[in-house]
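Here's a quick walk through the structure, from its core out to its domains and ligand. Have the model open and follow along.

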Amino acid sequence: MTDSKWWQRAVVYQVYPKSFQDSDNDGIGDLKGITQRLDYIKKLGVDVIWLNPIYKTSNIDGGYDISDYQAINPTLGKMTDFEELLHKAHQLGLKVMMDLVVNHSSFEHEWFQRSLVKGKENPYRDYYIWRDPVAGHEPNNWGSFFSGPAWTYDEASGQYYLHLFAKEQPDLNWDNPRLRHSIFEMMNWWATKGIDGFRMDVISFISKPEGLPDAPQGAQALYGDAGALVANGAHVHQYLHEMNQEVLKKHDWITVGETAGVTVDEALKYAALDGSELNMVFQFEHMGLDGNKNPALGKWDNRRVGLPELRENLVKWQKALAGKAWNSLYWNNHDQPRVVSRFGNDSSKYRVLSAKMLAAVLHFMQGTPYIYQGEELGMTNVYFKELADYRDLESLNAYHELVEQEKLVDKQTMLSYLQVHSRDNARTPMQWDDSRNAGFSEQTPWLQVNPNYKKINAAAALEDPTSVFYFYQRLIKLRHELPIITEGKFELMPENEGDHAVFAYTRQLAKQTILVIANFTAEVVTRNYDLPHVAKTLVKNYPDDQKEKLRPYEVKVYMYED
Ligand code: TEU
């Protein structure tokens with residue numbers, strides 16, 4: 001292998017602990033459950049596990065509201081359970097990346113509790129962002145990402161505090177060097193435990209604009225769009241450089257910034273190959289393409305995005321970062337709908353075909369691929385019918401605000417939007433087998449299991465050599481064997497631009513070329529890509545190859561040498 005870094009050659013598997021495996025039958029997944037399933041993850045062939053937050057939490061946002069950064073959520077287990085998980089993972093050659101949630105803490109965190117006391121002599125007051133009311137109102141027009149204003153008034157001190165997310169998630173004040181020092185200290189403490197890196201939650205939001213001005217506000221919108229102002233703030237790169245010096249450069253870690261609102265130019269800084277900030281970013285543009293055209297509704301819609309728009313975006317990122325910075329590759333995560341339902345086709349006829357097609361398209365691009373638990377089984381959206389089925393506060397709050405309070409959409413329409421975009425689609429329990437509750441738990445799970453578990457489950461996949469699982473296993477193995485998949489130059493096939501059905505691109509390294517041809521539709525189409533006779537097939541999702549004829553969701557990947 002040439003000079004690529006280990007995390008550039010790696011594949012990451014994301015585990016949402018609450019929904020992975022319940023070992024003590026309380027209906028909630030836990031650390032021991034994950035440890036029990038490490039062999040399964042190992043079998044897939046990935047290199048790294050990313051664990052969504054497992055820390056002590058007020059548990060209003062799936063653990064993204066941390067009340068103690070150095071303690072384990074008792075519902076998930078004990079510190080010794082974590083140590084055991086880490087140890088077993090390492091024995092199997094798997095690395096463990098933790099979630100770092102430091103744009104905000106929980107309101108129950110000791111820092112926030114201490115910060116409630118107003119006064120210059122209280123060092124903790126300035127750990128958060130407190131402001132006086134302006135004309136008896138919130139200090140500015142910002143809305144929270146989880147509905148309502150981004151400010152909550154504290155009677156006792158007569159000031160508001162800022163929370164870009166729920167009111168139980170107060171934003172930390174990164175302009176305060178003491179706060180930054182406390183965070184770096186905490187990160188170094190985790191390093192001593194032997195972890196292998198951090199995924200950094202909304203790290204692009206940590207530097208707020210000077211003076212906290214009002215944000216642009218769309219016609220029907222209730223609040224200003226804070227996201228537009230807080231993303232990639234003036235000091236974010238300075239703070240990440242500092243973190244790099246104080247923490248990251250001391251470890252051979254994998255680091256990925258969840259950089260909501262990141263542009264290509266900003267990504268070139270966050271994820272520059274010189275290693276001065278982070279290894280890579282999660283960009284969100286391809287996740288926003290099917291959002292509502294009406295900004296007042298944000299992501300809530302049920303429209304599908306066409307291939308041309310999706311491809312244009314992915315290609316843009318492939319090209320812009322090449323040779324300068326590093327990207328991650330993902331189709332879904334714990335905040336997003338299931339990929340096969342969103343960009344593929346989850347009908348029984350096409351589910352497996354389209355899941356494989358999407359997998360191949362992603363895994364042959366340049367970047368570090370992330371697989372979200374269950375994606376390797378072709379798990380689908382859950383299609384809940386009632387509001388009462390949902391647990392996620394983003395979905396519930398949005399429903400109340402948009403349907404009941406503002407009456408911007410009717411009930412049925414909003415329920416259809418939730419079916420498409422609710423984060424709970426990703427969070428239904430992992431489907432292990434066809435026994436009760438999909439083998440996830442003996443108890444009623446905290447969120448209902450997708451009723452399709454009888455058919456779609458890990459046990460069935462492992463018995464079927466043509467399953468989505470083994471297709472992913474092959475993609476991962478190829479990445480480990482062929483440097484071209486990590487390093488090769490990406491090119492869209494020139495005739496592919498504007499094609500409504502087919503995505504075709506090449507990767508190239510020295511004399512080698514890989515050609516990926518994928519049909520994103522349920523139509524049969526004909527495309528003639530000149531292929532040298534010597535080309536061998538690396539993967540395909542139909543048993544045979546009918547050359548220029550591409551069947552529904554067909555994908556073919558060839559490799560040849562000049
Ligand atoms: O998500 C950040 C983020 O950008 C969200 O607003 C995301 O766009 C939304 O969830 C999609 O519907 C991160 C975490 O991944 C998410 O689970 C947390 O709720 C959020 O930060 C707050 O910590």
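## Inside the core

Keep in mind that this is a predicted model. Let's start at Val 361: setting aside residues within four places of it in sequence, Val 361 is in contact with Phe 503, Val 516, Ala 518 and Val 555.

Val 361 also belongs to the largest nonpolar core, which has 141 residues. Along with Val 361, the members that touch the most others are Ile 49, Leu 358, Ala 360, Val 516 and Ala 518. Helix α13, spanning residues 351-363, is the top contributor here, giving 9 residues to this core. There's another core lying apart from that one, made of 13 residues, including Leu 297, Tyr 390, Val 409 and Leu 418.

## Domains and where they meet

How is the chain divided? Domain 1 is pieced together from 6-105, 177-381 and 451-471, while domain 2 covers 110-162 and domain 3 covers 489-561.

Going by C-alpha atoms, the centres of domain 1 and domain 3 are 29 Å apart. Contacts between them involve 20 residues of domain 1 and 20 residues of domain 3. On the domain 1 side, α11 (307-321) and α13 each put in at least two residues.

## Around the ligand

Which residues come nearest to the ligand? Out of 15 around it, they are Tyr 64, Phe 145, Phe 165, Ala 260 and Asp 335. By class, the shell has 7 charged, 6 nonpolar and 2 polar residues.

Key: Residues numbered from 1 in each chain as written. Predicted model: local features only at pLDDT ≥ 70, side-chain atom pairs only at ≥ 80, totals over all residues. Near = placed C-beta within 6 Å. Nonpolar A, V, L, I, M, F, W, Y, C, P; charged D, E, K, R; others polar. Core = buried A, V, L, I, M, F, W, Y, C linked by C-beta atoms within 7 Å. Buried ≥ 20, exposed ≤ 12 C-beta atoms within 10 Å, placed from the backbone. Helix = DSSP H or I, 4+ residues; strand = E, 2+ residues; numbered from the N terminus. Contact = placed C-beta atoms within 7 Å. Domains from an automatic or database assignment.
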